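Reader: I'd like to learn how to read strands and their pairing in a model like this. Could you walk me through it?

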Amino acid sequence: MRELTQWFDSVETDRPFEICKVCAQLLPLAADSWVVNKHYHRGECTLEYAVCEKCRDNVSSEFSDSSKATIRNFLENEIEWENRLLEWMALENSADRLSKCVACSCPRSSTQGFSISAQFRHDGSLIDGALPLMLCSDCIAEITKSLSPESRSVWQNFISQHFEGPDSEDIDMGIF
Ligand SMILES: [Zn+2]
Ligand SMILES: [Zn+2]
């Protein structure tokens with residue numbers, strides 16, 4: 001069975017991520033912490049990256065205030081954090097916290113797609129808090145839909161600047 005941290009290894013290299021997708025610096029040097037996001041569709045990883053805290057702050061500072069409020073509201077109101085944290089503490093295998101959507105609780109096995117996010121500190125260890133988490137594609141689509149067109153284009157620019165291949169319109173937002 002896959003351990004929690006293994007979920008956040010790069011599918012491409014089969015190892016933990018080493019560089020920030022945006023500034024291309026080695027992660028421990030780039031910032032004090034970084035986030036790994038991976039998107040899956042029908043069982044395949046379609047997009048994966050690590051982004052350092054500094055670059056993440058830069059990108060999210062381009063989001064409009066209303067979009068930031070939308071995301072904050074979703075995270076605060078659509079997720080029953082107390083219940084989730086209690087469930088996660090009771091798990092025998094910590095990787096099971098990724099087995100259902102943190103917001104709507106649908107099982108991962110019943111989703112078309114999902115994204116997972118985790119935060120790491122500079123020594124490469126996992127920061128255990130609100131992350132790691134899994135969000136199903138329906139919940140991600142709902143967040144994306146409620147963002148302003150300007151903020152959606154910030155995200156699409158991020159994707160098209162840093163990735164080849166996926167049509168940015170088709171990639172819903174990850175946790176930023
Ligand atoms: Zn960076
Ligand atoms: Zn969901």
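**Strands and their partners**

Author: Seven of the nine residues of strand β1 (residues 33-41) are buried, so β1 is largely enclosed by the rest of the structure. Buried means 20 or more other C-beta atoms within 10 Å of a residue's own (12 or fewer is exposed, in between is partly exposed), with C-beta atoms placed from the backbone. Strands here are DSSP runs of E, at least two residues, numbered from the N terminus. Mind that this is a predicted model, where local features need pLDDT of at least 70, side-chain atom pairs count only at pLDDT 80 or more, and totals for chains, interfaces and linings use all residues. Residues are numbered from 1 along each chain as its sequence is written, while chains are lettered from A and ligands numbered from 1 in the order in which they are written.

Reader: Which strands do bridges join to β1?

Author: Two strands pair if DSSP finds at least two bridges between them. Nine bridges link β1 with β3 (residues 113-121), antiparallel, and eight link β1 with β2 (residues 44-52), also antiparallel. Tyrosine 40 sits opposite phenylalanine 114 of β3.

Reader: Which residue takes a positive phi in the hairpin of β1 and β2?

Author: That's arginine 42, with phi near 45°, in a hairpin with two residues between the strands.

Reader: And what joins β3 to β5?

Author: Four bridges, running antiparallel, with β5 covering residues 133-136; there, leucine 133 is the bridge partner of serine 117.
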